[in-house]
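User: I am new to this structure and would like to learn how to read its features. Please take them in turn, with the general idea before each case.

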Amino acid sequence: MTEHTDVVVIGGGQAGLAAGYHLRRQGLDFVVLDAQGVPGGAWQHTWNSLRLFSPAAFSSLPGRLMPTQPGEEYPDAGHVVAYLSDYEKRYDLPVLRPVRVHGVHDDGRFLRVETDSGAWYARSVISATGTWWRPFLPAVLGRENFKGQQLHAVSYRKPQDFTSRRVIVVGGGNSGAQIAADLAHDTELTWVTRRPPRFLADDIDGRALFDAATARRRALDEGRTDTGGVASLGDIVAVPPVREARDAGRLKVSPMFVRFDRDGAVWADGTRALADAVIWCTGFRPALSHLSPLGLHGPRGRIATRGTRSVQEPRLHLLGYGDWTGPASATLIGVGRPARDAAREIAGRLAAGG
């Protein structure tokens, strides 16, 4: 199968759907290619107790408020999956799934998107594959010698899988805090962070984080002093389960260890923690392997962008990977604005014959 269209969007999660919404408003011909078999993006693969950082109304994609979840101030992942599925149907977005993209190639006038279902020729491509599919594990001395279980947060599901076991959770961000809080009741927990965790004030949630990220981007664009953005406020949103575990004294923190032995972690002073399992809550890298044929390179796996547009390949836009592709663009509420800007820029370039 070979097809032609104005725009191919790669990824049918929240960023891809926001892009589709704005491309439709620009009157462009487009398709969204999603590797997943059903709607919901990465949200369908998270741990059971995951909660959003903001109330539903402040976790919405453009054009459609997320409905509240009965009995929950901060919706869970299942609620988000249902919302994304409804959003896709509501706007009749042309999502094809499951379609796995193998590579994007420069084919002269067009970008050729090779997939397991054939090739698409597009005048522009929006890459919206996120980071969930590329978990990051740090290099720690002796990690390969540890005989216990090791898994990244992407593979964690529920605390019952670790009942009465000795568990080390590594990571001082939101995923580390939420999973540590999840395990604080029925495991022998050791929570390890590289620096003391910084909890945001209890009355601060994702709304303030979005405002801080936006203010930082505006300051940088205008040549003013860097405000520090989200990092200036703290690292961890105190959602109710985290707040409860913290206030009960169950979230005690240890500094980062220096190495593993067969039975657990070892600190520089010789202190040891025996462990049956280690859960790495150590973040992600952009999932951009499909763009390798274009030969675009940047630090830490990123591609140089101006706004969402690739500096080296102006027909390519990147959406939803973090602040470098738009303030808070990896969040539900934050992705709408850069998606709008990308769609407008693409429409303008195509209208000009680009």
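User: How do helices H3 and H5 cross, left-handed or right-handed?

Analyst: A crossing is left-handed if the near helix is turned anticlockwise from the far one by less than a right angle, and right-handed if clockwise. Helices (H or I, at least four residues) and strands (E, at least two) are DSSP runs, numbered from the N terminus. Here H3 passes H5 in a left-handed crossing. This is a predicted model, in which local features need pLDDT of at least 70 and side-chain atom pairs count only at pLDDT 80 or more, while totals for chains, interfaces and linings use all residues. Residues are numbered from 1 along each chain as its sequence is written, and side-chain values use heavy atoms, with hydrogens and water left out.

User: At what angle do H3 and H5 pack?

Analyst: Axes are lines fitted to C-alpha atoms, for helices over the stretch in contact, and angles run from 0 to 180 degrees between N-to-C directions. Helix H3 spans residues 174–183 and helix H5 residues 240–247; the angle between them is about 65 degrees, and their axes lie 9 Å apart. On the H3 side the contact (heavy atoms within 4.5 Å) is made by Ala-177, Gln-178 and Ala-181, and on the H5 side by Pro-241, Val-242 and Ala-245.

User: Which residues touch the most other members of the largest nonpolar core?

Analyst: In soluble globular proteins, nonpolar side chains tend to be buried together. A nonpolar core is a set of buried Ala, Val, Leu, Ile, Met, Phe, Trp, Tyr and Cys residues joined through side-chain atoms within 4.5 Å. Buried means under 20% relative accessible area, exposed over 50%, and partly exposed in between (1.4 Å probe, protein chains only). The largest core has 59 residues, and Leu-61, Val-169, Ile-179 and Ile-279 touch the most other members. Helix H1 (residues 14–25) gives the most to this core, six residues. A second, separate core has 21 residues, including Ile-10, Leu-296, Leu-316 and Trp-324.

User: What does Ile-179 touch?

Analyst: Leaving out residues up to four places away in sequence, Ile-179 touches Trp-47, Ala-153, Tyr-156, Val-169, Ile-279 and Cys-281.

User: In what order do the strands of the open sheet lie?

Analyst: Strands of a sheet pair through backbone hydrogen bonds, either parallel or antiparallel. Two strands count as paired if DSSP finds at least two bridges between them. In this model five strands form an open sheet in the order E7-E14-E8-E9-E10, and the pairing is parallel. E7 (149–152) and E10 (253–255) are the edge strands, each pairing on one side only. On average, neighbouring strands of this sheet are turned by 25 degrees against each other, direction ignored. Within the sheet, E8 (residues 166–170) pairs with E9 (residues 188–193) over five bridges, and Ile-168 has Thr-190 as its bridge partner in E9.

User: Which strands pair with E5 in the antiparallel sense?

Analyst: E5 covers residues 110–115, and five of its six residues are buried. Strand E4 (residues 101–107) runs antiparallel to E5 and is joined to it by six bridges. Strand E6 (residues 118–127) also pairs with E5 in the antiparallel sense, over five bridges. Glu-114 of E5 stands opposite Gly-103 and opposite Ala-119 in E6. E4 and E5 form a hairpin with two residues between them, and Gly-108 in that turn has a positive phi of about 75 degrees. Another hairpin joins E5 to E6 through two residues.

User: Which peptide bond is cis, and which residues other than glycine have a positive phi?

Analyst: Most residues other than glycine have a negative phi, and most peptide bonds are trans. The bond between Arg-97 and Pro-98 is cis, with omega about -10 degrees; Pro-98 sits in the loop between strand E3 (95–96) and E4. Asp-92 has a positive phi near 50 degrees and belongs to the loop between helix H2 (77–90) and E3. Ala-328 has a positive phi near 55 degrees, in the loop between E17 and H6. Asp-92 counts as exposed because its relative accessibility is 60%, whereas Ala-328, at 11%, counts as buried.

User: What does the side chain of Ser-329 reach?

Analyst: A polar contact is a pair of N or O atoms within 3.5 Å; within protein, one must be able to donate a hydrogen and the other to accept it, and residues adjacent in sequence count only if both atoms are side-chain atoms. The Ser-329 side chain reaches the backbone oxygen of Gly-322 at 2.7 Å and makes a polar contact with the side chain of Thr-325 at 3.0 Å. Ser-329 lies in the loop between strand E17 (316–318) and helix H6 (336–351), and counts as buried because its relative accessibility is 1%.
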